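Please examine the sequence and the fold shown below before reading on. The paragraphs that follow proceed from a term, through the sheet and the helices, to single residues.

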Amino acid sequence: MEKVVCILGSSRSDGDTARVVRKLKELSGCSIIDLNKYSISYYDYRHLNKTDDFIPLIRTIVNEYTTIIFATPVYWYTMSGIMKVFFDRFTDILTIEKELGRALRGKKVGVISCSINSNIDEVFWHPFVKTAGYLGMNYIGNIHIHTHDNDTLLQEFIRDVIRL
């Protein structure tokens with residue numbers, strides 16, 4: 001059975017993207033991880049931050065979930081800063097925690113973006129698609145939700161992309 005987690009990477013735990021994520025949970029029963037609740041430092045080449053929350057968090061994600069949905073607002077044409085820091089830390093699981101990095105292979109990955117614009121440029125998805133491919137994960141798709149959209153798009157994403 002699919003176990004889905006949605007990783008919320010927004011500066012606001014109560015903003016528009018968080019509202020979309022709560023609706024996703026209501027419709028699909030997925031778990032939510034709010035990155036604001038964790039202390040995750042920037043990537044550094046000497047791994048001085050290896051005792052922060054990143055490694056335990058990614059270990060939980062790898063061990064408990066088959067599908068990972070990243071949810072981010074669109075900030076200056078790209079993912080949020082907190083999400084980017086999380087993505088940069090994937091380097092740790094390619095260098096100092098290689099077995100953990102290998103355990104991501106075969107996981108499914110999707111993305112939800114949210115903004116005040118009704119659409120975004122297709123290059124927005126590029127970091128997610130390329131990262132999934134590099135880590136051996138299966139990119140299942142994405143959706144952009146305007147902050148005033150109804151829940152129909154989210155229901156279609158759950159049905160057609162996550163396939164729940």
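A residue is called buried here when its relative accessible area is under 20%, exposed when it is over 50%, and partly exposed in between. The model to which this term is applied is a predicted one. In helix H3, the residues Met83, Val85, Phe86 and Phe87 are buried. Helix H3, residues 81–88, lies across strands S1 and S3 and runs at about 140 degrees to S3. Against what do the buried residues of H3 pack? Their partners are S1, helix H2 (54–64), S3 and helix H6 (126–135).

Five strands form an open sheet with parallel pairing, in the order S2-S1-S3-S4-S5. Strand S2 (31–34) and strand S5 (138–146) each have a single partner strand and stand at the edges, so one side of each has no neighbour in the sheet. From one strand to the next, the twist averages 20 degrees.

Strand S1 (4–8) pairs on one side with S2 and on the other with S3. The pairing of S1 with S2 is parallel and consists of four bridges; Leu8 has Asp34 of S2 as its bridge partner. With S3, S1 pairs in the parallel sense over five bridges, and Ile7 has Phe70 as its bridge partner in that strand. Is S1 enclosed by the rest of the structure or exposed? Five of its five residues are buried, so S1 is largely enclosed by the rest of the structure. The side chains divide between two directions: Val4, Cys6 and Leu8 point one way, Val5 and Ile7 point the other way, and all are buried.

Further along the sheet, strand S3 (residues 67–73) is joined to strand S4 (residues 108–115) by seven bridges, and the two run parallel.

A separate packing arrangement involves two other helices. Helix H1 (residues 16–28) packs with helix H7 (residues 152–162) at an angle of about 60 degrees, and their axes are 10 Å apart. H1 and H7 are therefore oblique to each other, and their crossing is right-handed. H1 contributes Val20, Lys23, Leu24, Leu27 and Ser28 to the contact, while H7 contributes Leu154, Gln155, Ile158 and Ile162. By class, the residues of this contact comprise six nonpolar, two polar and one charged. The spacing of such residues can be read against the geometry of a helix: an α-helix has 3.6 residues a turn, so residues three or four places apart point the same way.

Individual positions complete the description. His47, in the loop between S2 and H2, has a phi near 60 degrees, a positive value in a residue other than glycine. Tyr77, in the loop between S3 and H3, has a positive phi of about 75 degrees although it is not a glycine. Which of the terms buried and exposed applies to each? His47 is buried, because its relative accessible area is 14%, whereas Tyr77 is exposed, because its relative accessible area is 71%. Glu64, in helix H2, counts as partly exposed because its relative accessibility is 39%. Glu64 and Thr131 are 67 residues apart along the chain, and their C-alpha atoms are separated by 20 Å.

Terms used. Residues are numbered from 1 along each chain as its sequence is written. This is a predicted model: local features need pLDDT of at least 70, side-chain atom pairs count only at pLDDT 80 or more; totals for chains, interfaces and linings use all residues. Side-chain values use heavy atoms; hydrogens and water are left out. Two strands pair if DSSP finds at least two bridges between them. Axes are lines fitted to C-alpha atoms, for helices over the stretch in contact, and angles run from 0 to 180 degrees between N-to-C directions. Contact means heavy atoms within 4.5 Å. Buried means under 20% relative accessible area, exposed over 50%, partly exposed in between (1.4 Å probe, protein chains only). Angles under 35 degrees count as roughly parallel, over 145 as roughly antiparallel, 65 to 115 as roughly perpendicular and the rest as oblique. A crossing is left-handed if the near helix is turned anticlockwise from the far one by less than a right angle, and right-handed if clockwise. Ala, Val, Leu, Ile, Met, Phe, Trp, Tyr, Cys and Pro count as nonpolar, Asp, Glu, Lys and Arg as charged, and the others, Gly among them, as polar.
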